[in-house]
Amino acid sequence: KEKVEITKEQRTLMKVIVDAYSTHQIPQDVAKKLLQEQYSADENFLLLTEMATSQVQVLVEFTKNIPGFLSLDREDQIALLKGSAVEAMFLRSAQVFSRKMPSGQTEVLEERIRKSGISEEFIIPMFNFYKSIVSLHMVQEEQALLTTITILTPDRPYVKDQQAVERIQETMLELLRKLCVLQRPQEPQYFARLLGRLTELRTLSHYHAEMLTSWRTNDHKFTPLLCEIWDVQ
Ligand SMILES: COc1ccc(-c2nc3ccccc3n2[C@H](C(=O)NC2CCCCC2)C2CCCCC2)c(OC)c1
């Protein structure tokens, strides 16, 4: 039986990442807003672009706290952020969706999202992903590390020094692996299941631009930051 233990430096690394992840949350909780009232497809599109814009800003702040990230080549830092922003946004949405809510509220939220203005064909893959995240019942350490591992994906477009990114990602993967073994001794495959979600996440993110352009609204307006980060307009 493998004797797994977290080293002192791994504990420090984890604290830095979890603190940064919980500090850099979305200011205005979108779930609360959506549960308050029903919005039109136009209002929902505006809400999405506002939430996504602030989430990108939050993502940049969070990434600056990942030990080693700021010592990467500057252009590679940008390439990693640009390459992971959509996946990080869907991961965050899934985590918002999987939050414990008073009974019945999750169904209301699900209904509001289904009727939000997003075109039918994307509802199934999106909720399949959300439900697969819900079923993992991740703790916040796992959520923070999974987002960190997503950001530190070496094979994003335009990354020059992939080895440097791989080295930091491997540190995070090893920490997450140990956490999973300690957290779920009865589920030896849990770590592999977590990483499997990142594959689903990448597939969902391929639909992203189409999900936006097919939104039932007359005016698909994006902020300058979103035009930078998303492949739209
Ligand atoms: C590109 O297409 C879509 C479709 C749906 C979503 C989505 N899934 C959600 C699950 C739980 C709660 C909110 C959710 N959202 C939108 C939103 O505001 N997402 C935020 C983005 C930044 C990080 C926090 C969540 C809602 C959907 C309902 C209409 C208003 C926007 C989405 O979030 C990427 C993207």
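Which residues is Thr148 in contact with, leaving aside its neighbours within four places in sequence? Start the tour there.

This is a predicted model: local features need pLDDT of at least 70, side-chain atom pairs count only at pLDDT 80 or more, and totals for chains, interfaces and linings use all residues. Residues are numbered from 1 along each chain as its sequence is written, and side-chain values use heavy atoms, with hydrogens and water left out.

**Stop 1: Thr148**

Select Thr148. Its place is helix 7, residues 140–151. Helices here are DSSP runs of H or I with at least four residues, numbered from the N terminus. Now show its surroundings. Beyond the neighbours within four places, Thr148 is in contact with Ile17, Phe62, Ile66 and Met172. Contact means heavy atoms within 4.5 Å. The relative accessible area of Thr148 is 0%, so the residue counts as buried. Buried means under 20% relative accessible area, exposed over 50%, and partly exposed in between, with a 1.4 Å probe and protein chains only.

A polar atom of the Thr148 side chain lies 2.7 Å from the backbone oxygen of Ala144. That is a polar contact: a pair of N or O atoms within 3.5 Å, where, within protein, one must be able to donate a hydrogen and the other to accept it, and residues adjacent in sequence count only if both atoms are side-chain atoms.

**Stop 2: Gln143**

Stay in helix 7 and select Gln143. Gln143 is buried, because its relative accessible area is 16%. Residues up to four places away in sequence aside, Gln143 touches Tyr21, Gln95 and Met138.

**Stop 3: the ligand**

Select the ligand and the residues around it.

Tyr130 has a polar side-chain atom 2.6 Å from a nitrogen atom of the ligand. Ser93 places a polar side-chain atom 3.1 Å from a ligand oxygen atom.

**Stop 4: Arg197**

Go to helix 9, residues 190–206, and select Arg197. Is Arg197 buried or exposed? Its relative accessibility is 14%, so Arg197 counts as buried. The backbone oxygen of Ser132 lies 3.2 Å from a polar atom of the Arg197 side chain. Not counting residues up to four places away in sequence, Arg197 touches Phe129, Ser132, Ile133, Ser135 and Leu136.

**Stop 5: two loop residues**

Select His137, in the loop between helix 6 and helix 7. His137 is not a glycine, yet has a positive phi of about 50°. Most residues other than glycine have a negative phi. His137 counts as exposed, because its relative accessibility is 59%.

Move on to Tyr158, in the loop between helix 7 and helix 8. Tyr158 is not a glycine either, and its phi is positive, about 70°. With a relative accessible area of 75%, Tyr158 is exposed.

**Stop 6: helix 8**

Select Glu166 in helix 8, residues 162–183. Glu166 is partly exposed, at 32% relative accessibility. Draw a distance to Thr153: the C-alpha atoms are separated by 7.3 Å, and the residues are 13 apart along the chain.

Ala164 is also in helix 8. At 13% relative accessibility, Ala164 counts as buried. Its C-alpha atom is 9.8 Å from that of Asp76, 88 residues apart along the chain.

**Stop 7: Thr223**

End in the loop between helix 10 (208–213) and helix 11 (224–229), at Thr223. Thr223 is partly exposed, with a relative accessible area of 25%. The C-alpha atoms of Thr223 and Lys33 are separated by 20 Å, and the residues are 190 apart along the chain.
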